[in-house]
Amino acid sequence: MQDTLPKPRGRRPKTSDAPEALNATPNATDDRYRAPALDKGLDILELLATQPQGLTRAEIVKEMDRSANEIYRMLERLVARQYVMRNASGDRYALSLKLFALAHMHPPLSRLINQALPIMDDFARKAEQSCHMGVYDRGNVLISAQINSPRGWSFSLQRGARVGLLDTASGHVLLAFCDPGSFQRMRAEHTPVDGEVPIAEDALAQTLATIRANGYLERDSAQSFGVVDISYPILGPDNTALATLTCPYIRRIDRHVGPDLGQVRAYLHSAAQALSLTQGMQR
């Protein structure tokens with residue numbers, strides 16, 4: 001175990017030095033609304049969020065700089081409410097998936113899907129291809145929205161399907177555009193899906209670096225012959241990926257002349273830009 005661990009963001013001071021800390025915080029000029037117990041619980045959750053392998057109670061006490069008794073009581077309540085879980089041997093604590101599940105019940109995801117559907121439909125009509133939106137979910141990628149090509153000829157994934165984090169275009173784009181803490185958590189939570197294609201760590205690192213440099217991913221599908229995956233991130237204000245917009249492009253070989261790969265890529269880029277909350281996507 002290292003001597004020092006990352007400190008939880010927004011860590012609250014101990015009760016004994018609270019007045020000085022409150023005076024030093026611009027948004028906390030009035031201590032009438034302090035809730036020390038809530039602060040302790042949130043501090044524990046924020047600390048555990050930085051530790052994918054969890055921490056022992058002694059390690060939590062050391063990092064929180066509080067008494068073992070008050071940390072023990074708070075941990076027991078967080079375990080009872082299923083926000084924190086113990087490992088099989090009972091000596092380490094880690095975050096459960098409850099916060100993740102609550103986040104996916106929150107309206108912003110529904111609003112993103114509602115906003116995305118007409119833009120995805122417009123893309124499908126112009127590109128004559130299907131597209132889907134993927135979000136990170138419990139170690140892999142959840143297909144949260146999907147639109148078929150109006151032409152009838154397309155390759156598509158069903159809404160609600162779960163696909164691999166480490167062998168799909170959507171998964172690689174999500175990993176490429178996340179912060180270091182989220183990257184570690186996503187890797188720690190990952191479990192292979194059926195048929196998942198393994199990838200070496202150095203190859204993964206190179207792939208993610210290329211995606212970040214290009215701003216998107218385009219490559220032959222690792223799951224199906226004849227499909228070229230094009231995937232762009234839907235970026236939040238901090239330039240991390242909220243979701244991905246992916247087109248499994250298939251080329252018609254009959255007499256019908258539709259948009260080519262370059263045109264489809266441009267249409268998908270515009271759609272992802274329209275959904276992003278940043279101006280960082282200029283490629």
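Tutor: In helix 7, the buried residues are Ala169, Ser170, Gly171, His172, Val173, Leu174, Leu175 and Ala176. Buried means under 20% relative accessible area, exposed means over 50%, and partly exposed is in between (1.4 Å probe, protein chains only). Helices (H or I, at least four residues) and strands (E, at least two) are DSSP runs, numbered from the N terminus.

Student: What does that say about helix 7 as a whole?

Tutor: Eight of the eight residues of helix 7 are buried, so helix 7 is largely enclosed by the rest of the structure.

Student: Where do these numbers come from, before I go on?

Tutor: This is a predicted model, in which local features need pLDDT of at least 70 and side-chain atom pairs count only at pLDDT 80 or more, while totals for chains, interfaces and linings use all residues. Residues are numbered from 1 along each chain as its sequence is written, and side-chain values use heavy atoms, with hydrogens and water left out.

Student: And what is the mean pLDDT of the chain?

Tutor: pLDDT is the predictor's confidence in each residue, from 0 to 100. The protein chain has a mean of 85, and 85% of its residues reach 70 or more. Confidence is highest in helix 7 (residues 169–176), at 98, and lowest in helix 1 (residues 18–24), at a mean of 37.

Student: Which residues stay under 50?

Tutor: Residues 1–29 do, and the model has 33 contacts for them beyond four places in sequence. Contact means heavy atoms within 4.5 Å. The pLDDT is also below 50 over residues 279–283, a stretch with 14 contacts in the model beyond near neighbours in sequence.

Student: Back to helix 7. How does it cross helix 9?

Tutor: The axes of helix 7 and helix 9 (residues 201–214) come within 9 Å and cross at roughly 75°. That makes helix 7 roughly perpendicular to helix 9. Angles under 35 degrees count as roughly parallel, over 145 as roughly antiparallel, 65 to 115 as roughly perpendicular and the rest as oblique. Axes are lines fitted to C-alpha atoms, for helices over the stretch in contact, and angles run from 0 to 180 degrees between N-to-C directions.

Student: Which residues meet there?

Tutor: From helix 7, His172, Val173, Leu175 and Ala176 meet Leu204, Thr207, Leu208, Ile211 and Arg212 of helix 9. By class, this contact has six nonpolar, two polar and one charged residues. Ala, Val, Leu, Ile, Met, Phe, Trp, Tyr, Cys and Pro count as nonpolar, Asp, Glu, Lys and Arg as charged, and the others, Gly among them, as polar.

Student: How many bridges join strand 3 to strand 4, and to strand 8?

Tutor: Strand 3 (residues 131–137) is joined to strand 4 (residues 140–147) by seven bridges, and to strand 8 by three. Glycine 134 stands opposite threonine 244 in strand 8.

Student: Is strand 8 mostly buried or exposed?

Tutor: Eight of the nine residues of strand 8 (residues 241–249) are buried, so strand 8 is largely enclosed by the rest of the structure. Strand 8 also pairs with strand 7 (residues 228–235) in the antiparallel sense, over eight bridges. Five residues lie between the strands in that hairpin, where asparagine 239 takes a positive phi near 65°.

Student: What about histidine 132, buried or exposed?

Tutor: Histidine 132 is in strand 3 and counts as buried, at 5% relative accessibility. Histidine 132 stands opposite glutamine 146 in strand 4.

How values were computed
Pairing = 2+ DSSP bridges.
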